[in-house]
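Here is a short briefing on one protein chain. Keep the sequence and the 3D view open as you read.

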Amino acid sequence: MKKLLRFLKHYKVESILGPLFKLLEASFELFIPLVVADIIDSGIANSDKNYVVTHVLIMALLGLVGFISSVTAQYFAAKAATGFATELRHALFEHIQGLSFSSIDKAGTSSLINRLTSDVNAVQGCVNMVLRLFLRSPFIVFGAMIMAFTVDVKCALIFCVAIPLLMIVVFGILLASMPLYTTVQSKLDRILRLTRENLNGIRVIRVFGKEQDEVNNFNARNDELRKVQIVSGKLSALMNPITFVIINAAMVVLIYTGAVRVDNGILTQGQVVALVNYMSQILVELIKLANLIIQVTKAMASANRITQVFDMKSNMQFPESTAAAADSDAPAVIEFKNVSLAYNETGDAAVSDINFTVKRGQTIGIIGGTGSGKSTIVNMIPRFYDATAGEVIVDGLNVKDYAMDDIRSKVGIVLQKAVLFKGTIRDNIKWGKPDATDEEIIAALKKAQAWEFVEEKEGRLDYELNTGATNLSGGQRQRLSIARALVRDPEILILDDSSSALDYVTDSKLRNAIKDYTMIIVSQRITSIAGADNILVLDDGRICGQGTHDELLKTCDVYREIYDIDMKTNSREVAS
């Protein structure tokens, strides 16, 4: 939690004024029992109406000043807490954006979302309550005890016994419940991941009729969360009844002792009422303190989870500036030299001993079975992942020597899944080039074979896409993704199986429109890469064949097998 307090540095004034105004309110509150005692002992006992009215007005004034102080304290506490949470979210989001793909894979998307939302909200609520109650409640508790000593020392000793007992209960429950709240948050992560997977894959679930299986799975995970929450809830729920038992027992002893001392003439009736009021104040404040402790316990678990994210360091560090000038005139744009990559340091390599060269203006095709490492290879070029062995060279310079903006600006990549964002078509295309003109956008759309359907949409470039672009077909989303990469006019264009939803005619037109780029095409279709200058055939993370289409048909069994399957599929589609 200490590491997160730095986000309060811009709210130091509010963080000080909030508790101070709460202490001011508490100070006025502590005087009220004494005023009540005076009313009973002097006003009511002597039938002095003016005395009673005067002291009632004094009580009202104390209450009004306390109310104003409380509202002011609430304002400063809320301002500090919301500002703290805003800066924390910004910093956490920025840190996550700076993590490498492998670091994000390791943490888990669902867990990161939960920490960015639920955990930050828990910490925000804790900061708000701490600023309001952390000083006020102990001040009232010990202040009431001190004020009790000013009334009667013997009766005040009852407070000295009750308060330590209450502290033992409060902190004992705190220490026992903290680990449980950490478990609750981790199980909440699992439910969030499961929910996210179900919402993203709802069509697949329905296609295979797995709705009930997923409901049962969700209920099982939810039941696990419920059981842990019940245990932690029962433990926390013990705090209030135990607190009430101790306070009420102390109240009984206090009233009995006070009655005896009134009979003996040592105390007045008003003083006993004042002592009872002080005990009641302690009861109320300890209940508040108990709720604060529960909130702090939850927040500590959440704060530790947030700190874990901040402690995650990207295993990929970029230099502030490119180490040396890249040779844009070098004949070899991309070189892979004995490259291997294992996503898990202790696991098997996803690709091994990859060697190939891409010359300027060439088109390279990559094909292979599912899981053969096609995407892994192209993801190392813009440095989404780092090779665990060997070197990836772009324009004569190792990709590790490039500043992030420099290497990413050279590469236009279209990933397997076409991801578009809510907003207009223009806004989405401008992700590739923020200052792109409408003419540049339209030219990119035409190259991507997307202008023909964009032109028919209401508003054209201003056509609004839903979240996930669900109001477009799969092929339309892919073409817009390609246009987004083309608008930046990249030096290297990578299409990672990004035309799988296109028909063969559109795919052919697209390849013809972008043939002048230095390009790497990853595809499951032979037709998409048959015209490439060089084709890499992958099998189990290794290159098992390399050459032109005609050469591979003669020399590579894996390629020939893919070709035969592809041709049979095409024949069936034509026949149908």
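This is a predicted model: local features need pLDDT of at least 70, side-chain atom pairs count only at pLDDT 80 or more; totals for chains, interfaces and linings use all residues.

Some of them share partners and join K22, E25, E29 and R136 into one network. The surface carries a nonpolar patch of L61, L64, F67, I68 and V71. It also carries a patch of positive charge, where R6, K9, K12 and K313 gather.

- E224 and R190 form a salt bridge, and their closest N and O atoms are 3.5 Å apart.
- E224 has a relative accessible area of 26%, so it is partly exposed.
- R190 is partly exposed too, because its relative accessible area is 35%.

**Salt bridge within one helix**

- D223 pairs with R226 in a salt bridge, with the closest N and O atoms 2.3 Å apart.
- Why are D223 and R226 separated by about one helical turn?
- The two are three residues apart in helix α8, and that spacing is why about one turn separates them.
- D223 has a relative accessible area of 26%, so it counts as partly exposed.
- R226 reaches 41% relative accessibility, so it is partly exposed as well.

- The side chains of E440 and K433 meet in a salt bridge at 2.9 Å, N to O.
- E440 is partly exposed, because its relative accessible area is 31%.
- K433 is partly exposed at 24%.

- R136 is found in helix α5, which covers residues 136-151.
- Is R136 buried or exposed?
- R136 has a relative accessible area of 2%, so it is buried.
- The R136 side chain makes a polar contact with the side chain of E25, at 3.2 Å.

**Patch of positive charge**

- Which residues gather in the patch of positive charge on the surface?
- They are R6, K9, K12 and K313.
- K9 is found in the segment before α1, and α1 covers 12-44.
- K9 counts as exposed, because its relative accessibility is 51% and the cut-off for exposed is over 50%.

**Nonpolar patch**

- L61, L64, F67, I68 and V71 together have about 500 Å² of accessible area in their nonpolar surface patch.
- V71, one of these residues, is found in helix α2, which covers residues 49-97.
- V71 has 43% relative accessibility, so it counts as partly exposed.

- V252 lies in helix α9, which covers residues 239-263.
- V252 has a relative accessible area of 57%, so it is exposed.
- How many residues apart in sequence are V252 and D496?
- They are 244 residues apart in sequence, and 78 Å apart in space, C-alpha to C-alpha.

Definitions and conventions:
Residues are numbered from 1 along each chain as its sequence is written. Side-chain values use heavy atoms; hydrogens and water are left out. Patches are made of residues with over 30% relative accessible area and no salt bridge: like charges are joined within 9 Å, nonpolar side chains (Val, Leu, Ile, Met, Phe, Trp, Tyr) within 5 Å. Accessible areas come from the Shrake-Rupley method with a 1.4 Å probe; for residues, only the protein chains shown count as cover. A salt bridge is a side-chain nitrogen of Lys or Arg within 4 Å of a carboxyl oxygen of Asp or Glu. Helices (H or I, at least four residues) and strands (E, at least two) are DSSP runs, numbered from the N terminus. Buried means under 20% relative accessible area, exposed over 50%, partly exposed in between (1.4 Å probe, protein chains only). Lys and Arg count as positive and Asp and Glu as negative; His and the chain ends are not counted. The place of a charge is taken as NZ of Lys, CZ of Arg, CG of Asp or CD of Glu. A polar contact is a pair of N or O atoms within 3.5 Å; within protein, one must be able to donate a hydrogen and the other to accept it, and residues adjacent in sequence count only if both atoms are side-chain atoms.
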